Amino acid sequence: MSLTPDQALEQAALAGIHCLRIPTPFAVGRVNCYLIEDEPLTLVDAGPNSGKALDELQSQLAERGHAIEDLELLIVTHQHIDHLGLAEIVAERSGAEVAALGIAAERLANFSEDAERDDEFAVGLMLRNGIPEEVARALQSVSRTFRSWGSQVQVTKPLQDGQAMPFRDRVLQAFHRPGHSPSDTIFWDEERRILIAADHLIAHISSNPLLARPLDGSDERPQALVTYLASMRKTREMPAEIVLSGHGEPIVDHVALIDDRIAKHDRRKEKVYKLIAEQPRNAYEIAQAMWGNVAVTQAFLTLSEVIGHADLLVNESRVREVDDGQVVRYATAG
Ligand SMILES: [Zn+2]
């Protein structure tokens, strides 16, 4: 019998892991940060950089008898601003060590320059895939205004994939699970079978495998969905009882959830294939055929979805990319 999500939260709390739900200005709603009452006293993710989020973080820590100044370790699960915006303030006030994936450290330390390059990368990608220039530019300015919710942070404890982090009462093992973002890292308590997964797995929404610049600083487009599916298959093999997410409720049957997500991507891939088989189309045209005219803010998200599934078809040699020098179209390979 698996637990209910509420029981899972209770069990995590008994293990000293407390979910702090911090508000964000984004459509996703609150972000889950986790306080781990152990030595070192640890916060997993800090929420976005806003006064409201900071107030709530302080009051929710105070409910458990702690202050930001008491924190000794801050763990950053990935590079998205709803999770790391307050990291700099928390680290400065507390003097806490900051642990994150080592290969993401440079990126986390250069937030604004990197965000700017990300936006340029995204614009280039949108134009190459048929999104009209005015939409791409509009999205770029939306992204710029969002940037104030982020911050840079110096990683003092760079983690390797598979590295064990010892605490007084537990060991957490860090695993790199890229896909939703290039730096997604999950934290595994094997003894208690509790997995802190952040946005790698979310119960109520499919974690978008967003196209993003690789961590090595190159501008080559990675196959985000292909990477994400491989990451999910690895997590599927873990004997987790409780998966604590970056948003929403805990996951109590991650195998069923992952199987469901993989099946959904498979169905979507076939839908994309059908559209390409009807006639060659670029990714923007495929997105429009699937979802109609989407809001500007959703344009990059849907593009990431389409290109992710087209990548799978290209890798299966069912579809090929036809590049006219300006725009990439997809056509059947036959
Ligand atoms: Zn998130």
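Visitor: Which helix lies across β12, β13 and β14?

Guide: That is helix α9, residues 254-278, and α9 runs at about 90° to β14. Keep in mind that this is a predicted model.

Visitor: In what order do the strands of that sheet sit?

Guide: The order is β12-β14-β13, in an open sheet of 3 strands with antiparallel pairing. At the edges are β12 (281-282) and β13 (319-323), each pairing on one side only. Between β12 and β14 there are 2 bridges, and Arg281 has Tyr330 in β14 as its bridge partner.

Visitor: Now a helix, please. Which residues of α6 are buried?

Guide: Start with the general idea: an α-helix has 3.6 residues a turn, so residues three or four places apart point the same way. In α6, the buried residues include Phe111, Asp114, Ala115, Asp118, Asp119 and Ala122. Among the elements covering the buried residues of α6 are α3, α5, α7 and α11.

Visitor: What happens to the backbone just after α6?

Guide: There, Gly130 takes a positive phi of about 90°.

Visitor: Is Ser317 buried or exposed?

Guide: Ser317 is exposed, at 57% relative accessible area, whereas Ala198 counts as buried at 5%.

Visitor: And where is there a cis peptide bond?

Guide: Look from Glu39 to Pro40, where omega is near 0°. Pro40 belongs to the loop between β2 and β3.

Notes: Residues are numbered from 1 along each chain as its sequence is written. This is a predicted model: local features need pLDDT of at least 70, side-chain atom pairs count only at pLDDT 80 or more; totals for chains, interfaces and linings use all residues. Side-chain values use heavy atoms; hydrogens and water are left out. Two strands pair if DSSP finds at least two bridges between them. Helices (H or I, at least four residues) and strands (E, at least two) are DSSP runs, numbered from the N terminus. Contact means heavy atoms within 4.5 Å. Axes are lines fitted to C-alpha atoms, for helices over the stretch in contact, and angles run from 0 to 180 degrees between N-to-C directions. Buried means under 20% relative accessible area, exposed over 50%, partly exposed in between (1.4 Å probe, protein chains only).
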